Each structure stands twice: as structure tokens, then as C-alpha cells.
Amino acid sequence: MKLYDSVGPNPRVVRIAMAEKGMTIDTVTVDLMGGENRRGDYKARVPIGTLPALELDDGRIITEVTAIVDYLEELQPSPPVIGATPADRAETRMWVRRMDLLVFEPMSNGFRASEGRGLFESRITLVSPEAAAELKSLAQEKLLWLDGQLQGRTWVCGERFTFADIMLMAFLEFGAQIGQPMPAAATWLPGFLERAAARPSAKA
Ligand SMILES: N[C@@H](CCC(=O)N[C@@H](CS)C(=O)NCC(=O)O)C(=O)O
């Protein structure tokens, strides 16, 4: 098994999940900033061109961090980052999907088509600058909604630290680096980020 890794929040969430689970996988670093993922060998091996990607021993390629981390959890269920019971797994996956669709995708696509335009315009199709501004604003609105929903909890799923927390931490930190910091009105997210970033796995 081999992990194709790079800079960026998506590869990082897989590294953090592996650290939480105490797993190591042979890793190949791909030059995302130089566009290595959008041409040549990598594009032939991983046609969708994104990172991370997991190459299985039988040659199959798995992309999408949710699928990769699900797979790792099936290989090694303990300690769980998705969940030890059907209800726990469903709860984690619900939050991950909500955050992915409502916050991380608009945040990332908004960035690519604005501050990231110079880097991405020759590689992938981008929305207009006006649409980028709307996507960024949608991501902010949904972050504030999350902030309201999660009040009083230690982690996204209560007392369980899960993949939902890993995703949220990585994208809050990424957002801050790309001009999309968490909304100033958020009251739960700042404490959450401090707790999550203090875990040893956050260094991964
Ligand atoms: N939905 C994908 C998103 C993957 C993604 O967008 N990865 C970024 C790195 S954080 C990437 O490949 N960016 C470079 C590019 O799109 O060329 C996943 O879950 O893995």
C-alpha cells in the first residue's frame, strides 16, 4: 500500500487520522505547487488528479479522504476515528459530509478561483471571480451555522474525537492561511481549534 501525499488540507487529514490510529504507510510526496498532480505519471495513475491518493497492493487507486480513512479504519478498527458502533459511525459520517459539502468544497473552490487563480487557472476549470466571492461567503455562513450547532460539545460528536474533528481543524487552519479565517462571531470554533491543534497528531 502506498500513499501519495502533498501539501494541502486533504492530504493532511489522512496523515492526522493515521497518527491518531498509530498507522504508518509508505509515502510518495507529489509536488502539488508545481502541478505534478495534473500531468504525466500521476495523472495517468490518478485520472482525477487530486491528492491524496492511496494505491492498494492490488493496484487499485482510492481517492477522496472519506473513502481513504474509511478504508484505513476497516483495516485497523482500533482506536476508532470513524466510530466503534453503527450509530457512532453514522454520526461521524453525517458531520463529515455536511462539513465537506457545505464548508470545505465552497472554501476550496472559492480560493482556487480568487487568491489561488494564478496557480490553478492553467490546470483546472474555475468559477468566475464573482462566484468565488459567493462561495467564500457561503462557507463563512455555514461555519457560523456549525458554530451554533456544536455549542456545549467538546468535539463535533460530543466526547468522541473523530475524523469530523480532524477535517474541521485542518480546514479551519487552511482557511486562516488563505484569507478565509473563521467568522469573527464564532464562539465555539476558537476553543475547539485550540483543543484540536494541541493534540500530538496535529503535527502530522
Ligand atoms: N474531495 C477530494 C479533494 C481533494 C483535493 O482537492 N485535494 C487538493 C489538495 S488539499 C488538491 O489535489 N489540490 C490540487 C489540485 O486540485 O490540483 C478528497 O476528499 O480527497
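The domain assignment divides this protein chain into domain 1 (2–75) and domain 2 (86–203). Please keep in mind that the model is predicted. Both domains give residues to the shell around a ligand, so the ligand lies between them.

**How the two domains meet**

- The centres of domain 1 and domain 2, taken over C-alpha atoms, are separated by 20 Å.
- Across the boundary, eleven residues of domain 1 are in contact with ten residues of domain 2.
- On the side of domain 1 that touches domain 2, the elements giving two or more residues are α1 (9–21) and α3 (65–75).
- Helix α1 provides the largest share of that side, with seven residues.
- By class, that side of domain 1 has six nonpolar, two polar and three charged residues.

**Around the ligand**

- There are 15 residues around the ligand, and those that come nearest are Gly-8, Asn-10, Thr-50, Glu-64 and Val-65.
- Sorted by class, the shell has seven polar, five nonpolar and three charged residues.
- Where does the ligand lie relative to domain 1 and domain 2? It lies between them, because residues of both domains belong to its shell.

**The sheet**

- Four strands make up an open sheet, and their order is β2-β1-β3-β4. The pairing in this sheet is mixed.
- Which strands stand at the edges? They are β2 (26–29) and β4 (61–63), each with a single partner strand, so one side of each has no neighbour in the sheet.
- From one strand to the next, the twist averages 25°.
- Strand β3 (residues 53–55) pairs with β4 in the antiparallel sense, over three bridges.

**A pair of packed helices**

- Two packed helices are described by the angle between their axes and by the distance between the axes.
- Helix α4 (residues 86–112) packs with helix α6 (residues 129–149) at an angle of about 145°, and their axes are 8 Å apart.
- The crossing of these two helices, α4 and α6, is left-handed.
- The α4 side of the contact includes Met-99, Leu-102, Val-103 and Pro-106. Among the residues they and their neighbours meet in α6 are Ala-132, Leu-135, Leu-138 and Leu-146.
- By class, the contact of α4 with α6 has eleven nonpolar, two polar and two charged residues.

**Backbone details to look for**

- Most residues other than glycine have a negative phi, and most peptide bonds are trans.
- Glu-64 is not a glycine, yet its phi is positive, at about 80°. Glu-64 sits in the loop between β4 and α3, and this residue is also one of those that come nearest to the ligand.
- The peptide bond from Leu-51 to Pro-52 is cis, with omega near 5°. You can find Pro-52 in the loop between α2 (40–45) and β3.
- Ser-78 and Pro-79 are also joined by a cis peptide bond, with omega of about -5°. Pro-79 belongs to the loop between α3 and α4.

Technical notes. Residues are numbered from 1 along each chain as its sequence is written. This is a predicted model: local features need pLDDT of at least 70, side-chain atom pairs count only at pLDDT 80 or more; totals for chains, interfaces and linings use all residues. A residue is near a molecule or strand if its C-beta atom, placed from the backbone, lies within 6 Å of it. Ala, Val, Leu, Ile, Met, Phe, Trp, Tyr, Cys and Pro count as nonpolar, Asp, Glu, Lys and Arg as charged, and the others, Gly among them, as polar. Domain bounds come from an automatic or database domain assignment. Axes are lines fitted to C-alpha atoms, for helices over the stretch in contact, and angles run from 0 to 180 degrees between N-to-C directions. A crossing is left-handed if the near helix is turned anticlockwise from the far one by less than a right angle, and right-handed if clockwise. Two residues are in contact if their C-beta atoms, placed from the backbone, lie within 7 Å. Two strands pair if DSSP finds at least two bridges between them.
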